[in-house]
Amino acid sequence: IIFSPGFLHTGVLLVFSVSLPATQPEMGCAASTEEPKKRGPPFSLPIPADELAEKGIHVEVVEEGDKVTFPKAGDRVVISFQGYLVTGVNFGGGQKLEKLAGKGKLIKGMDEALLKMSKGEHIHLSVAPAMGYGSKAVPMIPENSILLFDMTLHDILAK
């Protein structure tokens, strides 16, 4: 596009929208036929709901921690998690958080699982309603919901 000096002094601004045809993949690269990934938990409820209700929580270790450094009740810990309903709705998490372990600053199910994790451990945690929010509805979480967490214990800090 070439603008003449006289054109710029008229105070007219033209905006163009251009659509280009899709290009072919480069040589040696195949076009992806994968469907887009659906958002939701990275795992589904691994045991029947009635069995989870009896146990309270169910833990599947995704990545072992150091198996030496475990938090004690009252320790400050650095964790991260993504929380999901069994319907696939993500209700929170994502960033690293500093919390007190075993002192009721987390839901009961997370506190219980956290005290059994070692530094660096990554788990999939299923929490029965009684160990979560129970009959209390909270924003984005209906009452009596089973909760699923993708959770990592990053560090254990001094009390």
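1. Basis. The model is predicted, with local features requiring pLDDT of at least 70 and side-chain atom pairs counted only at pLDDT 80 or more, while totals for chains, interfaces and linings use all residues. Residues are numbered from 1 along each chain as its sequence is written, and side-chain values use heavy atoms, with hydrogens and water left out.

2. Main core. The largest nonpolar core comprises 24 residues, and M110, L114, L125, F149 and M151 have the most contacts inside it. Such a core is a set of buried Ala, Val, Leu, Ile, Met, Phe, Trp, Tyr and Cys residues joined through side-chain atoms within 4.5 Å. Two or more residues come from each of β2 (76–85), α3 (108–114), β5 (122–127) and β6 (147–157); β6 provides the largest share, five residues. Helices (H or I, at least four residues) and strands (E, at least two) are DSSP runs, numbered from the N terminus.

3. L114 and the second core. Beyond residues up to four places away in sequence, L114 touches P71, V77, I79, A101, L106, M151 and L153, where contact means heavy atoms within 4.5 Å. A second, separate core has seven residues, among them F43, L52, A128 and I146.

4. S80. This serine lies in strand β2. S80 is buried because its relative accessible area is 14%, the limits being under 20% for buried, over 50% for exposed and partly exposed in between (1.4 Å probe, protein chains only). Its side chain makes a polar contact of 2.7 Å with that of H154. A polar contact is a pair of N or O atoms within 3.5 Å; within protein, one must be able to donate a hydrogen and the other to accept it, and residues adjacent in sequence count only if both atoms are side-chain atoms. Outside four places in sequence, the contacts of S80 include G94, Q95, K96, D150 and T152.

5. D75. Located in the loop between β1 (57–63) and β2, D75 counts as buried because its relative accessibility is 5%. The D75 side chain reaches the backbone nitrogen of K72 at 2.8 Å.

6. Largest pocket. Fourteen residues line the largest pocket, with F81, F91, I107, M110 and Y133 nearest its centre. β3 (90–93) and β6 each supply at least two lining residues, and β3 gives the most, three. On a 1 Å grid over the protein atoms alone, a pocket is an open set of points where a 1.4 Å probe fits, with protein on both sides within 12 Å along at least five of seven lines; lining residues have an atom within 4 Å of a point.
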